[in-house]
Amino acid sequence: MTRVLGGAPLTIATDPSEALAFYREAPRSLAQFLGDVADVTALWPSRGAILNACTDRYHFLVGLAAAAVAGRMTILPASHAAETIKSLRARLPDMHCLADSDFAIALPMVRFPPLGREDRGGPAPPVPSIPLDRPVVTVFTSGTTGTPVGHVKTWGSLVAGARAEAARLGLDDGPRWSLVATVPPQHMYGLESSVMLGLHGRARLHNARPFYPEDIARALAAVPRPRLLVTSPVHLRALLTSAVATPALDAVLCATAPLPQVLAEEAERRLRAPLYEIYGATEAGQIATRRPTHSDLWALFPGLVLEACGVSCVVRGGHVETPAVLGDIIEPHGPHGFRLHGRGTDIVNVAGKRSSIAFLEQQLLAIPGVVDGAFYMPDEDLAGPVARLTAFVVAPGLTAAAIETALRARLDPVFLPRPLILVDALPRLATGKLPLETMRTLLAARTRHVGGGHG
């Protein structure tokens, strides 16, 4: 007998006049949102998946909802590079791109329509229900550990994950929170914590994606308390090193890279709000949280179980529909917790000594004057027969020699980077991550023009 699954509503909001988001400095009601979804649904071509490239977070939300309601798969690649799009189009020849800005992409375009500012009048359309087993999104890994891989998410898994996150953060009851996010909605973390949390948690998302500290402060000032900032270590560090005064916050959520303890402590002191980290992977979605100033242990979401699988761990249960192998080195702690020791690909072995890229980068970023930095272990064709660590460093006013002297006080000499390359900025993704291919390209360009040695 075929198993019949139920459905879940597009959003838990039920009052047509309730503000679901903040769009261009004005509340956007549930009734307006449902009308917007209907307008975009009417634009879809007769068939094919939708690559949602909207830069406005509310536009992305509407596009995602319109595709889910219509049974269209939303495609979220790690980048819009020409080769990435060419590869996707070979597999999905009927794919279209939904966009709200002009940019070059080799796909048929669907232009996001202008949205009216006023309520449409008349009865609000009903909140649609979507089958739990409907595949709605294919999210691709970022490429920080290799070639990006796509993972399909059903509506049921996204809803269950959002509700578990809302319960863990206290956003499942009481007043609606205002949510400002610096991370893109096209990334798994951004999708879950800045979009789905707005549909199935009591959070009203702000449509902007602020990048600079001034923009973050402006977006926060435009929405009422309680306020939640969803961000990454890169954006958080930039905010804390600026002189910008930040409006009162009630919580901060951080992910995408290990958060140094000292940065977490400074964030809570300066922002006067609790800071939570969320752990997840594109394969499984979000699975655990912790408050790093209180504990180094991660607490699993209810219903999830970790099982050892060789040197890795598998997570299953709860909203994780297919057991997923985690790429990190995890030490289970009791039935519901674990310690995180970095990615399996994060461990480097130099002259018989082991360390992790995350630890090395924390030591680098702790040096006064270092704004940003990343370690990289190159391939043999770039490094020669003896692989040596490379570091790319953004440190205006510091010399490579001064940085190396500071690192000597923190690291075993075998882990000192050779070369140490000073750069004006690191070409990070919008999530703050640096794909391996980007660092490989940076080193290859530097090797061609300089020929090795210190930068």
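**Labels and their grounds**

Modeller: Start with Ile-403, which lies in helix α11 (residues 400-408). Keep in mind that this is a predicted model.

Biologist: Why is Ile-403 called buried?

Modeller: Buried means under 20% relative accessible area. Ile-403 has a relative accessibility of 0%, so the residue counts as buried.

Biologist: Which residues does Ile-403 touch, leaving out those up to four places away in sequence?

Modeller: They are Leu-364, Ile-367, Val-393, Ala-395, Leu-398, Leu-420 and Leu-422. A contact requires heavy atoms within 4.5 Å. For Val-393, which is ten residues from Ile-403 along the chain, the C-alpha atoms of the two are separated by 9.0 Å.

Biologist: Take Ser-29 in strand β3 (residues 26-29). What makes Ser-29 buried?

Modeller: The cut-off is under 20%. Ser-29 has a relative accessible area of 8%, and is therefore buried. Apart from neighbours within four places in sequence, its contacts are Pro-16, Ser-17, Glu-18, Ala-19, Leu-20 and Asp-119.

Biologist: Why is strand β25 (residues 372-376) described as largely enclosed?

Modeller: Five of its five residues are buried, so the rest of the structure largely encloses β25. Both faces are covered. Asp-372, Ala-374 and Tyr-376 are buried on one side, and Gly-373 and Phe-375 are buried on the other.

Biologist: How do you know that β25 pairs with strand β26 (residues 390-394)?

Modeller: Pairing calls for at least two bridges. β25 and β26 are joined by five, and the two strands run antiparallel. Tyr-376, for example, has Thr-390 in β26 as its bridge partner.

Biologist: Which residues of helix α8 (residues 261-271) are buried?

Modeller: Leu-263, Ala-264, Ala-267, Glu-268 and Leu-271. They span an arc of only 130° around the axis, which means that they lie on the same side of α8. Val-262 and Arg-269, on the other side of α8, are exposed.

Biologist: What covers the buried residues of α8?

Modeller: The cover includes α7 (233-241), β14 (251-254) and β15 (275-281). After α8 comes Arg-272, with a positive phi near 55°.

Biologist: How many bridges join β18 to strand β19 (residues 312-317)?

Modeller: Six, against the at least two that pairing needs. Within this antiparallel pair, Leu-304 has Gly-317 in β19 as its bridge partner.

Biologist: Last, the protein as a whole. Why is it called as compact as a globular protein of its length?

Modeller: The secondary structure comes to twelve helices and 27 strands. The radius of gyration is 23 Å, close to the 23 Å from the globule rule for 455 residues, so the protein is as compact as a globular protein of that length. The C-alpha atoms fill a box of roughly 70 × 50 × 45 Å along the principal axes.

Biologist: What share of the residues counts as buried?

Modeller: 51% of the 455 residues. The protein exposes about 19900 Å², with carbon and sulfur atoms supplying 56% of that area. Among contacts with a separation of 6 or more, 62% are between residues 24 or more positions apart.

Technical notes. Residues are numbered from 1 along each chain as its sequence is written. This is a predicted model: local features need pLDDT of at least 70, side-chain atom pairs count only at pLDDT 80 or more; totals for chains, interfaces and linings use all residues. Side-chain values use heavy atoms; hydrogens and water are left out. Buried means under 20% relative accessible area, exposed over 50%, partly exposed in between (1.4 Å probe, protein chains only). Helices (H or I, at least four residues) and strands (E, at least two) are DSSP runs, numbered from the N terminus. The arc is that of the directions from the helix axis to the C-beta atoms. The radius of gyration is taken over C-alpha atoms; the globule rule is 2.2 Å times the number of residues to the power 0.38. Accessible areas come from the Shrake-Rupley method with a 1.4 Å probe; for residues, only the protein chains shown count as cover.
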